[in-house]
Structure formats: structure tokens, C-alpha cells
Amino acid sequence: MDNFFKDTPDFKFHLEHPIVQKIVKLKERNFKESEHYDYAPLNHEDAIDTYGKVLEIVGEICAETISPNAESVDIEGPHILNNEVVYAKGTTADYKALYDAGLIGMGLPRKYGGLNFPLLPYVMAAEMVARADAGFANIWGLQDCAETIYEFGSEEQREKYLPRFNRDGVTAAMVLTEPDAGSDLQAVKLKATFDENEQIWRLNGVKRFITNGDADISLVLARSEENTTDARGLSMFIYDRSAHAVEVRHLEKKLGIKGSPTCELVFKNAPAELVGKERFGLIKYVMALMNSARLGVGAQSVGIADAAYREALKYAEERAQFGKYILNFPAVYEMLTNMKIKIDALRSLLYETTSFVDISKAYEDAMNERKLESEERSEMKHYMKLANVFTPLIKMTASEACNKIAYDSLQIHGGTGFMSDFPIERIYRDARITSIYEGTTQLQTIAAIKGVTTGVFLEQIKVYESEVSDENGILKKLLQEMTIDFETISKKVIEQSNIPLLDFHSRRLVEMAGNIIMGYLLVLNNQRDTKFSKSAKLYVNLVKSENKEKYDYIANFEAENLELYKVTEAKINVEVEETEEA
Amino acid sequence: MRPLKIIVLAKQVPDTRHVGPDAMKPDGTVNRGKLSTVFNPDDLHALELALNIKDRVPGTTVTILTMGPQKAADIIREGYYRGVDNGIMISDRRFGGADTLATSYTLVQGIKKLAPYDLILGGRQAIDGDTAQVGPQCADKLQIPQVTYVEEILEINDTEIIARRRLEKGVETVSAPYPCLMTVHGSSPKCRSRHAKSVMKYKYARSKTELRSANEMLLSLHEKRQYLTIPEWSVEDIEADVTKIGLAGSPTKVKSVESIVLTAGEAKILTSSDTDIEGMIRELIEHHTIG
């Protein structure tokens with residue numbers, strides 16, 4: 001029987017990382033729960049064994065159900081019937097399979113019916129699901145919303161909503177975007193008013209591009225404070241679909257992830273519950289939700305990249321031209337090997353980032369129960385700081401890379417890949433959204449550049465450097481040279497105190513840091529398992545030249561040339577006016 | 001509808017889909033040590049059918065019964081992971097070498113110990129022997145009705161159970177009173193996956209024999225959670241007649257095994273029409289098979 005967990009030994013490798021010991025201990029609170037729950041782990045080894053066994057179930061469902069359904073789901077897609085979204089048949093079957101296996105609400109505490117899993121195994125599951133069907137990964141991945149209710153909802157709300165995930169298999173949606181509030185969520189207009197008579201909040205207005213918009217439970221960002229226009233007037237609400245007060249007006253026609261319904265919703269005096277405090281909707285709760293979602297897109301991107309790579313490899317092994325399998329041509333095997341080493345690098349960064357988020361979240365959660373020791377508090381802050389810059393880093397890096405990998409995979413398929421006959425045509429389309437939603441690459445850069453300007457990336461690079469053994473001296477030396485280049489050139493840009501110039505180069509700077517970090521992670525992987533020796537060597541060599549190019553570009557860039565790049569606004573306005581008159 | 005008591009018969013078999021070069025011994029018998037084992041595929045279909053009835057009829061219990069060596073405890077654990085209520089092993093060296101007759105006798109002795117029951121389900125056949133005899137033999141020995149090749153349960157009520165059978169050239173709908181035995185066809189729905197929480201709950205389930213080599217942690221856990229100990233029935237436990245079990249109770253003797261390479265092309269299906277019969281006779285004469 002095929003199994004996406006068993007055919008990817010990297011998952012087990014990353015579960016065995018020394019840092020996981022800390023995560024499990026925090027998450028399981030010294031394994032106290034095994035006294036009350038017959039399915040709670042008894043010790044660290046038991047927990048790791050359990051993660052593996054549960055991921056094996058996910059891997060089997062991915063290989064045996066979700067992946068075989070992906071093609072029909074892409075063709076059939078969802079539709080609206082009597083104001084309700086009806087999924088493609090395959091989507092319903094996929095969700096049922098995961099629900100039947102108890103895999104909804106994996107991260108929730110046992111008290112609410114969850115498995116109390118850390119993010120690490122959950123993100124691994126998300127990667128596999130995305131490899132099987134990237135569009136479906138969204139529907140399943142929106143169980144993240146449960147985490148947000150857990151983190152910020154009242155105890156009453158937790159008890160009311162959370163058990164429904166694992167027990168009833170409810171679906172969820174994060175309802176943020178509006179026609180005029182995309183990247184700029186501060187502009188959200190959907191109105192929330194408190195009905196004094198009924199003592200209930202009511203929502204009115206339109207939301208657009210809402211993934212899985214007709215979910216059972218929705219988290220809605222709405223303007224609760226009259227006469228405000230910025231982020232501070234926004235609050236977060238829970239809307240329960242059983243109120244039947246939202247019209248699903250339209251489903252978008254899309255390039256990819258066609259199985260995942262993208263809805264336009266009209267809230268018509270819809271009853272809703274406030275989550276947490278008023279005015280904290282965007283600045284705190286949505287930010288937290290978005291961070292989970294960004295990690296989710298990172299996982300989705302790695303899953304897509306892996307799917308694309310496997311398709312390319314399979315095709316190259318079977319396709320013969322000029323009397324030999326195309327796998328044997330340097331132009332083809334270069335592409336294949338570059339895909340493979342990039343996936344190794346991305347996966348390492350993904351699980352490194354996940355570990356940082358896991359530790360900071362586990363401490364935050366522990367704070368609800370007890371006062372943290374000062375050492376724990378500083379550790380929490382440290383990991384939070386890392387998570388804040390690594391999350392946008394993995395989101396942008398993995399999403400951009402999965403597009404490139406899907407592109408190369410299709411290229412290896414040649415003309416056949418352009419036709420709908422092979423899965424790569426779908427994978428290529430599905431990949432495209434990853435660098436756009438949950439914050440575009442350009443927005444991720446704005447968050448990740450802080451890792452450059454505050455020195456967090458450099459500090460962490462130094463930590464990795466100190467962990468590299470002498471056996472990897474050659475690669476270490478290369479990475480040290482890259483680090484010096486990175487340090488020099490980022491200092492040069494920052495010292496100019498020219499914000500537009502920093503913005504202009506920020507993606508290059510973040511990518512330079514990312515390359516060094518992934519290079520070190522592969523070298524460190526290699527210290528634990530020599531199967532990474534090839535990836536470590538080839539990857540470091542590859543990104544060294546990439547960083548050199550970026551370095552040269554930035555070093556030779558004259559700040560005044562920025563002016564030449566500017567596109568004048570006036571011209572755009574004139575055109576708009578003309579169109580309106582016409 | 002009253003709850004039912006279902007017994008699922010399941011067998012651990014060599015994984016014939018992953019056969020290596022040394023899967024057979026030179027004498028033509030199966031080299032069991034070299035083959036990994038799996039839950040017999042048709043029995044997984046039977047398990048799904050049982051769990052499906054459990055979903056439909058609240059309060060229904062499913063007990064999985066297997067006969068086999070120590071390793072067959074995997075079958076019981078797999079059953080627990082997918083939702084059975086109880087698991088029992090029939091395991092004793094003296095049961096070894098059983099053919100279908102001895103196997104069905106042994107299983108029936110176990111089933112009698114589990115009585116009363118409403119329904120016994122098993123796969124149509126096991127992939128190692130492909131006899132499809134054990135199910136029907138059990139029904140015969142228990143003197144209860146049998147329905148073979150079941151694909152779907154169409155209706156369950158207090159007095160009878162209505163099933164659709166998948167036959168070579170069509171389907172047949174039949175009803176049977178309780179208790180009865182059904183063998184399940186591979187065209188029925190495939191078995192549900194393991195359930196995450198059940199895996200966590202039962203992953204330390206061990207048979208008594210397995211516990212003999214267990215560590216402290218496992219032993220104390222079994223003391224606290226007694227449901228983790230898988231009952232293991234011996235010859236005495238099921239009051240079996242030693243002349244009817246194992247090798248002694250098996251009239252089937254394998255004389256020799258030959259390795260045959262199939263060379264025939266596609267099969268031809270002939271109808272009873274005169275043209276087809278004429279054509280066949282002509283062909284047979286041409287090939288000098290007859291005449």
C-alpha cells in the first residue's frame with residue numbers, strides 16, 4: 001500500500017531532531033495527562049512513536065484517497081446549490097476519510113477532543129495532504145481556526161466550538177478579505193453592531209475571496225467601532241453557519257486549487273460572538289491566525305514542490321528520446337537534482353521554523369496555567385523573535401521555490417506537460433497561488449527584512465556556525481564567506497538610512513540570509529545523517545553563486561537609480577479618468 | 001432495532017504483493033520467515049462490513065477472532081485501531097499445519113465459546129490458500145445459514161439481514177435469519193483507516209505470550225489497563241479434540257508443488273449459441289485436440 005509518510009523518510013528524520021525533546025516536554029506538560037486519557041503519551045519516546053503512527057495514517061489516506069481523487073476534484077470543483085457550497089464528490093470523500101480517522105483538530109488539547117499534537121507533526125501532515133492535493137489542503141488546514149478560538153476565545157466559547165472539530169468534523173474559514181481590503185486589511189469595512197436589546201453582535205457587509213467561505217464555523221474580521229478607519233477599529237467574531245444569515249453570492253473561477261471554494265459572502269444581519277477584546281481583531285488575533293496560515297502555506301508549498309519533483313522524476317525515468325531515457329541528459333538531471341536539493345533545504349527550514357513556533361506557543365499556553373520562570377520567559381521571547389522572522393521567510397521562500405520547481409517539472413514533461421494528461425499541469429496551476437495568498441511574497445519580505453535589520457538572522461546563523469563540526473570544514477568555510485558578504489552588504493544598505501532603498505533591496509537581502517540559513521541546516525542535517533551530504537554540498541555551491549550575484553547587484557547599485565525605476569502615478573490616474581468618461 | 005453481536009474471522013497471511021526472490025523454498029513450499037505478513041485483504045473488507053453495521057445499529061459489538069502464531073496479535077491490534085470492541089487469539093503450537101477442515105473446526109470451537117452471536121463475517125478467501133472453504137465449513141459445522149460473496153448489506157431488521165451478493169455475471173439479493181455467516185467479496189467497500197485515538201489507545205495491546213518478553217513499563221501498564229491484554233485461547237480453552245486440529249486433523253496432504261509459468265493468451269468466452277459451439281469444435285479439430 002502506498003504511503004506518503006513511509007515514502008518520505010525525512011519526516012522521521014525531522015521528528016528526531018534534538019529540539020523536539022523540548023517541544024514534546026512543554027506540550028505534554030511532563031506527560032501528566034496519561035493519567036486521565038488512555039490515548040495520551042507516557043513519555044517522550046511514546047509521543048514520538050505516536051506521531052509517527054498517526055502520520056502513517058495521514059500518509060495512507062493521502063496516497064490511497066486524496067491523491068487519487070485530486071484530478072476529479074480539479075475537474076468537478078465545488079458549486080452553489082440553494083445558497084450552500086457543495087464540494088466536489090472527491091473533496092467530501094477526502095474530508096470524510098480524515099475525519100473518520102480522527103484527524104480534525106489535531107492540535108487541540110485533549111480536553112476539547114483534540115490529539116494535543118505540537119505543530120511539528122501537524123505541519124508534516126499538512127505537507128503530505130498538499131502533496132496529495134494542494135487545493136484540498138486548504139479545506140483541511142483551516143482547522144487552524146480552532147487554534148485561534150483556543151488561544152483567544154473565552155472558556156465558554158472553547159467549550160462550545162472546539163469539541164465540534166474532532167467529534168463532528170466541522171469545517172472552518174477565516175473571513176478577512178474584502179473587495180477593497182486585500183493586503184491592506186486595515187481597510188476592512190464589514191460592519192459589526194451590538195444589538196442592545198438582544199445583547200448580541202450583528203454583522204453586515206460583503207467579504208470576498210474567502211477560502212471555504214461556507215464553512216460551519218467562521219472567524220470574521222469586522223469593524224466594531226463606529227467612525228474609525230484603521231486597524232484599531234477592528235474586532236474578531238465567530239459566526240456559526242447554522243444561523244443561515246450569510247448569502248454565498250458567488251464562487252470564483254480560478255487558475256488553480258479549483259477544489260477549494262473561493263466565496264463571495266454577504267452578511268445579512270448575521271449573529272456573531274466577539275472573540276477576545278474589541279479592537280484587537282487585526283492587531284493581535286488576525287496576526288496570530290495569519291502566522292499559522294503562513295506556516296501552513298509554507299507546508300503547502302513544500303508539498304507541492306515534492307509532488308512536482310516526483311512527477312518529473314517518474315516521467316524522466318520512463319521517457320526515452322534519442323535512444324535513451326531523458327533522465328540521462330545533463331540538462332534534465334541538473335534540473336531534477338536542483339529540485340531535490342531545494343526540497344531538502346526547504347523542508348529543513350520549514351521544520352526549523354515550526355519548531356520555533358512550537359516552543360513559543362507552548363510557553364504562551366503554559367502561561368495560562370502558571371507563572372513562567374525568568375529563564376523560561378527569556379527563552380519564550382527568544383523563540384518568538386525567531387518565529388516572527390522565520391515564518392515569513394519560509395512562506396516566501398517555499399512558495400517562490402515551489403513555483404520554480406513546478407515550472408521545471410513541467411519543462412521536463414515537454415509538450416506532454418502542457419496538456420491535461422499528466423498531474424503536473426494541475427500542480428503547476430495549483431502552485432501559483434502560494435506566493436500570493438496569506439500575504440504576497442512582497443508583504444512577507446516586509447516582515448522578514450526585520451530579521452536582517454535587527455540582526456536576528458545573523459545571530460541565528462552564528463548559532464548554526466558554532467554547531468558545525470570540523471568534518472564539514474569546507475562547507476563551513478564557504479558559508480562563513482557568504483555570511484561575511486551578507487553582513488557587509490546588508491550593513492551598507494541599512495547605513496544609508498534610505499527606506500525606499502532598503503525596501504528595494506529587501507527581498508535580495510532576505511533571500512541571501514535564507515540561503516545561508518538553509519545551507520547551514522543541510523550541513524547540520526548531514527552531521528546527523530550522511531544521506532544529506534550530496535544536498536548539503538550541492539546546495540551550498542549553488543546558493544553561493546546566487547548570493548554572489550545579489551551581492552554584486554546591491555554593491556553596484558546607485559541609490560539615485562531608484563528614481564529611474566519609479567513609475568509615475570499621474571499617468572495611471574489619467575487613464576482611469578478616461579476609462580470612466582468612456 | 002436491537003444491537004447485534006458480530007464476530008469477524010480474520011487471518012494473517014504472507015504479503016504476496018511484495019514477494020522477494022527467496023519467498024519459496026527449493027521444495028516449493030512457502031518460506032514464511034522471508035515474507036512479511038499482512039491482514040488478509042478480503043478479511044479487511046469483512047471487518048469494514050462489520051464496522052459499517054456497528055455504525056448503523058447502535059450498541060452493536062464487533063469481536064475479531066483470529067487463529068495463528070504469536071505474530072497474529074498484529075491482526076487483533078489492527079482490529080482495535082479500526083474500531084472493534086474485542087479481540088481474541090486462538091494460538092497454540094498444536095494448531096499448526098492445519099488445512100481448511102482443521103481450521104474451521106478450531107474456529108468453530110472458538111466461536112462456540114463466544115456464543116450467543118448474531119452474525120459471523122469473514123473474507124471470501126485468504127490470499128495464501130485461495131480456497132474460500134473456511135467460511136462455508138464454519139457455517140456448516142455451526143449449522144447456521146451462510147451467504148457467500150456478500151458485497152453490501154441492504155437492510156438489517158430484528159429478524160433478518162438482507163445482503164447483495166456479487167456473482168460472476170450479476171448480483172443476487174438474499175435474506176438470511178440470525179444467526180448466520182457471511183463471507184465478504186473484495187468488491188465491497190474497502191476498510192476504513194485506523195483511527196488516530198484508537199491507535200494511541202491500543203498500540204500497547206499485547207497477547208499474554210508477547211507480555212512474557214515485555215519490559216516493566218509495559219507490564220505495569222497492562223496491570224492498570226487490562227483491556228490491553230489480548231486473550232489467547234489454547235486447545236484446552238476451546239475444548240478442542242486434538243485429533244481434529246493441526247496436522248493430525250488435516251486430511252489434505254501436499255504431494256508436490258510445481259512452478260508453472262502461464263503462457264496462454266487472452267481467454268475467450270463462448271455462449272451456448274450454435275455458431276459459437278460450431279466454431280469451437282472446428283478450432284479443436286484444427287488444433288488436433290479432438291478428432
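Colleague: How many residues of strand β6 of chain B are buried?

Modeller: In this predicted model, five of the five residues of β6(B), which covers residues 119-123, are buried, so the strand is largely enclosed by the rest of the structure.

Colleague: And which way do those residues point from β6(B)?

Modeller: L119(B), L121(B) and G123(B) point one way, while I120(B) and G122(B) point the other way, and all of them are buried. In a regular strand the side chains alternate between the two faces of the sheet.

Colleague: Which strands does β6(B) pair with, and over how many bridges?

Modeller: Strand β1 of chain B, residues 5-10, runs parallel to β6(B) and is joined to it by four bridges, and L9(B) stands opposite G122(B) there. Strand β10 of chain B, residues 180-184, also pairs with β6(B) in the parallel sense, over five bridges, with V184(B) standing opposite G123(B).

Colleague: Staying in chain B, where are the cis peptide bonds you flagged?

Modeller: One is the bond from A115(B) to P116(B), with omega near 5°, and P116(B) lies in the loop between α3 (100-114) and β6 of chain B. Another is the bond from Y178(B) to P179(B), with omega near -15°, and P179(B) sits in the loop between β9 (170-177) and β10 of chain B.

Colleague: What about helix α2 of chain B, and how many of its residues are buried?

Modeller: Nine of the 10 residues of α2(B), residues 73-82, are buried, so that helix is largely enclosed by the rest of the structure. The buried residues include charged ones, among them R77(B), E78(B) and R82(B), as well as I75(B), I76(B), Y80(B) and Y81(B). The helix is followed by G83(B), whose phi is positive, near 120°.

Colleague: Changing topic, how many residues are in contact between the two chains?

Modeller: On the chain B side 11 residues are in contact, and they meet 14 residues of chain A. By class, the side of chain B that touches chain A has three nonpolar, two polar and six charged residues.

Colleague: Over to chain A, then: how many helices and strands are there, and what does its radius of gyration come to?

Modeller: Chain A has 21 helices and 11 strands. Its radius of gyration is 24 Å, which agrees with the value near 25 Å that a compact globule of 582 residues would have. The C-alpha trace spans about 70 × 70 × 60 Å along its principal axes, and buried residues make up 50% of the 582 residues.

Colleague: What share of the contacts in chain A joins residues at least 24 apart?

Modeller: That share is 77%, taken among contacts between residues at least 6 apart in sequence.

Colleague: How do α11(A) and α19(A) cross?

Modeller: The axes of α11(A), residues 330-367, and α19(A), residues 533-555, come within 9 Å and cross at roughly 100°, and that makes α11(A) roughly perpendicular to α19(A). From α11(A) the contact is made by T337(A), N338(A), I341(A), D344(A) and A345(A), and from α19(A) by S535(A), L538(A), Y539(A) and L542(A). These residues divide into five nonpolar, three polar and one charged.

Colleague: Which residues in chain A have a positive phi without being glycine?

Modeller: F209(A) is one of them, with phi near 60°, and its place is in strand β5 of chain A. I257(A) is another, with a positive phi of about 30°, found in the loop between β8 (246-251) and β9 (262-275) of chain A.

Colleague: Are F209(A) and I257(A) buried or partly exposed?

Modeller: F209(A) is partly exposed, because 17 other C-beta atoms lie within 10 Å, and a residue needs 20 or more to count as buried. I257(A) is buried, with 30 other C-beta atoms within 10 Å.

Definitions and conventions:
Residues numbered from 1 in each chain as written. Chains lettered and ligands numbered in written order. Predicted model: local features only at pLDDT ≥ 70, side-chain atom pairs only at ≥ 80, totals over all residues. Contact = placed C-beta atoms within 7 Å. Buried ≥ 20, exposed ≤ 12 C-beta atoms within 10 Å, placed from the backbone. Helix = DSSP H or I, 4+ residues; strand = E, 2+ residues; numbered from the N terminus. Pairing = 2+ DSSP bridges. Rg over C-alpha atoms; globule rule 2.2 N^0.38 Å. Axes fitted to C-alpha atoms, helices over the stretch in contact; angles between N-to-C directions. Parallel < 35°, antiparallel > 145°, perpendicular 65-115°, else oblique.
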